[in-house]
Amino acid sequence: MTPRDSYLTIAEIAARSGTAASALRYYEELGLISAERTSGNQRRYPRHVLRRIAFVRAGRQLGLSLAEIKAALD
């Protein structure tokens with residue numbers, strides 16, 4: 001597996017995490033997750049982002065705000 005193979009598109013992340021692509025873009029805007037950009041300006045997420053998204057979703061189910069979740073992740 002090459003290092004580039006370990007990156008996923010926003011559609012792949014959305015499908016695997018059960019999170020809408022719009023929510024992923026919002027999470028990125030807030031700094032909860034991060035993506036690299038291709039030369040064509042497409043988002044590519046490292047696989048570990050799936051764990052961060054799971055953490056965000058669990059925190060939301062517990063009633064935490066996104067600001068509280070971001071503080072915990074930072």
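Two strands pair if DSSP finds at least two bridges between them. Keep that rule in mind for the first stop. The model on your screen is predicted.

**Stop 1**

Select β1, residues 7-8. Now click Leu8. Which residue in β3 is its bridge partner? Tyr45 is the partner of Leu8.

Click Glu36 and look across to β3. The bridge partner of Glu36 there is Arg44.

Show the three strands together. They form an open sheet in the order β1-β3-β2, with antiparallel pairing.

**Stop 2: the hairpin turn**

Stay with β2 and β3. They make a hairpin, with 5 residues between them. Select Asn41, which sits in the loop between these strands. Check its backbone: phi is positive, about 65 degrees, although Asn41 is not a glycine. Is Asn41 buried or exposed? Asn41 counts as exposed, because its relative accessibility is 52% and the cut-off for exposed is over 50%.

**Stop 3: two salt bridges**

How many salt bridges does a search of the whole structure find? The search finds 2.

Select Arg43 and Glu28 for one of them. The closest N and O atoms of this pair are 2.7 Å apart. Arg43 belongs to strand β3 and Glu28 to helix α2, so the bridge ties together parts that lie 15 residues apart in sequence. Compare their surroundings. Arg43 is partly exposed, at 22% relative accessible area. Glu28 counts as buried, at 19%. The cut-off explains the two labels, because buried means under 20%.

Now select Lys70 and Asp74. Their side chains also meet in a salt bridge, at 2.9 Å from N to O. Asp74 is exposed, with 66% relative accessibility. Lys70 is partly exposed, with 26%.

**Stop 4: helix α1**

Select α1, residues 10-17. Colour Ile10, Ile13, Ala14 and Ser17, the buried residues of this helix. Then look down the helix axis. The buried residues fall within an arc of 100 degrees, so they line one face of α1. Turn to the other side and pick Ala11, Ala15 and Arg16, which are exposed.

What covers the buried residues of α1? The cover includes β1, α2, β3 and α3.

**Stop 5: just past α1**

Move on to Thr19, in the loop between α1 and α2. Thr19 counts as buried, at 6% relative accessibility. Its side chain makes a polar contact with the side chain of Ser17, at 3.2 Å. Setting aside residues up to four places away in sequence, Thr19 touches Ala14, Leu24, Tyr27, Ile53 and Arg57.

**Stop 6: Arg57**

Follow the contact from Thr19 to Arg57. Arg57 lies in helix α3, residues 49-61. It is partly exposed, at 35% relative accessibility. Which residues does Arg57 contact, leaving aside its neighbours within four places in sequence? Ser17, Gly18 and Thr19 are the answer. Now draw a distance from the C-alpha atom of Arg57 to that of Ile69. The gap is 9.5 Å, and the two residues are 12 apart along the chain.

**Stop 7: the core**

Finish inside. The largest nonpolar core has 14 residues. Which of them touch the most other members? Select Leu24, Ile33 and Tyr45. The elements that give two or more residues to this core are α1, α2, α3 and α4. Show α2 as residues 21-30 and α4 as residues 66-73.

Last, centre the view on Ile33. Not counting residues up to four places away in sequence, Ile33 touches Leu24, Tyr27, Glu28, Tyr45, Val49, Arg52 and Ile53. Tyr45 was the bridge partner of Leu8, and Glu28 formed the salt bridge with Arg43.

Note on methods: Residues numbered from 1 in each chain as written. Predicted model: local features only at pLDDT ≥ 70, side-chain atom pairs only at ≥ 80, totals over all residues. Heavy atoms only, no water. Helix = DSSP H or I, 4+ residues; strand = E, 2+ residues; numbered from the N terminus. Buried < 20%, exposed > 50% of the residue type's maximum accessible area, 1.4 Å probe, protein only. Contact = heavy atoms within 4.5 Å. Core = buried A, V, L, I, M, F, W, Y, C linked by side-chain atoms within 4.5 Å. Polar contact = N/O pair within 3.5 Å; in protein donor to acceptor, adjacent residues only side chain to side chain. Salt bridge = Lys/Arg side-chain N within 4 Å of Asp/Glu carboxyl O. Arc of directions from axis to C-beta.
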